[in-house]
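This report goes through one structure part by part. Please look over the sequence and the model before reading on.

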Amino acid sequence: MNDRLYDDILSAAGPRETLPRITTQGYGEVMAIKEAMAAALPGITSLRDFGGCYLVHGRYLLTPVRILKLRFASMVDVNPVPEFAAAVEETRAQLPDTEFETIKGDFRDPALFVGLRATDAALLYEVLLHQENYVEVIRNVCERTSKFVCIAQPCLRETFFPLPAGAVMLQFYDEALKDLLRIESFWPKEPRTDRFTPAHWMWGHATSHIVAVMRGFGWSLMDGKVVDNVCGRCWEYPLMVFARR
Ligand SMILES: C[S@@+](CC[C@H](N)C(=O)[O-])C[C@H]1O[C@@H](n2cnc3c(N)ncnc32)[C@H](O)[C@@H]1O
């Protein structure tokens, strides 16, 4: 490509979606924001968390359920850990009229969504970068959600993408490249694989990519910010609330 065309394309691409950028005291503060974001959703009575069990045992679901006294709380996770079941029982004792649902299943499978009861809001926290069919997952989640979808996850900084709305398949990158991208991040060293492995990091999305995909399904960014200092020099951490248009 001649240099002039390349330069013209880059300047025609224009500025990216710019969300307010914040710095935090660390990941603990990010966890608190992830909870608060869902607990601040207006006018909801039901919430579903897709993949909310690992390490956090459903706190992003159950804290908003308690604060907003929601009527229906649903968890979908391939591995619903016993600590989550215990946390549900504690919450049930405080909110005896709330209905709790736990679905042990794989949300990459479209069949999981057939007959799934709709909720007002849904959480996709640190799950999309692990799914080979994340666009289909987003579509299925959006179809079963009536008002808000919250998304939070590490995203590769826009500077890695000459064009906006970019994403890269990084699961099969050379280890040397992965190690550079891991610097100062919480992406752990993982065994090599040549097949899609959802337990490991699969995608490097730009924040603008997630916003563009959600826009394509008819959802607008209602509120959002980007944490600048929690996942190293290569990654930013957007916290976003999308509303159905
Ligand atoms: C990285 S953890 C994220 C946990 C939590 N949402 C957070 O933000 O800290 C991913 C979680 O999603 C679940 N998970 C990942 N892929 C899944 C899939 N395709 N179907 C169902 N659960 C999945 C895992 O079992 C795990 O609980």
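Predicted model: local features only at pLDDT ≥ 70, side-chain atom pairs only at ≥ 80, totals over all residues.

## Helix α2 and its packing

The buried residues in question are Lys34, Met37 and Ala38. Viewed down the axis of α2, these buried residues fall within an arc of 90 degrees, so they line one face of the helix. An α-helix has 3.6 residues a turn, so residues three or four places apart point the same way.

Helix α2 covers residues 27-39, and at 1.5 Å a residue its 13 residues should span 18 Å; the C-alpha atoms at its ends are 18 Å apart, which agrees.

## Helix α3

The buried residues of α3 are Tyr60, Leu61, Leu62, Pro64 and Val65. Among the elements that cover them are α2, β2, β3 (72-77), α4 (82-94) and β5. After α3 comes Lys69, which has a positive phi, near 50 degrees.

Nonpolar side chains in soluble globular proteins tend to be buried together. Here the largest nonpolar core has 59 residues, and Leu123, Leu124, Val149 and Cys150 have the most contacts inside it. Strand β11 supplies the largest share of this core, six residues.

Not counting residues up to four places away in sequence, Leu123 touches Ala38, Asp49, Phe50, Gly52, Tyr60, Leu61 and Cys150. Of these, Ala38 is one of the buried residues of α2, while Tyr60 and Leu61 are buried residues of α3.

In helix α5 (residues 134-143), Tyr134, Val137, Ile138, Asn140, Val141 and Cys142 are buried. They pack against β2, β5, β6, β9 (203-205), α7 (207-216) and β10 (219-227).

Arg144 lies in the loop between α5 and β6. It counts as buried because 20 C-beta neighbours lie inside 10 Å. With neighbours within four places in sequence left aside, Arg144 is in contact with Phe113, Leu116 and Ala118. Arg144 and Asp120 are 24 residues apart in sequence, and their C-alpha atoms are 8.6 Å apart in space.

Val211 belongs to helix α7. Is Val211 buried or exposed? It is buried, with 24 other C-beta atoms within 10 Å. Val211 and Ala165 are 46 residues apart in sequence, with 7.8 Å from C-alpha to C-alpha.

Lys178 lies in helix α6 (residues 175-182). Lys178 counts as partly exposed because it has 17 C-beta neighbours inside 10 Å. It touches Leu170 and Tyr173, residues up to four places away in sequence not being counted. Lys178 and Phe160 are 18 residues apart in sequence and 14 Å apart in space, C-alpha to C-alpha.

## Around the ligand

Which residues come nearest to the ligand? Of the 17 residues around it, these are Gly51, Tyr54, Val78, Tyr125 and Glu126. Sorted by class, the shell around the ligand has eight nonpolar, five polar and four charged residues.

Terms used. Residues numbered from 1 in each chain as written. Helix = DSSP H or I, 4+ residues; strand = E, 2+ residues; numbered from the N terminus. Expected span 1.5 Å × (residues − 1). Buried ≥ 20, exposed ≤ 12 C-beta atoms within 10 Å, placed from the backbone. Arc of directions from axis to C-beta. Near = placed C-beta within 6 Å. Nonpolar A, V, L, I, M, F, W, Y, C, P; charged D, E, K, R; others polar. Contact = placed C-beta atoms within 7 Å. Core = buried A, V, L, I, M, F, W, Y, C linked by C-beta atoms within 7 Å.
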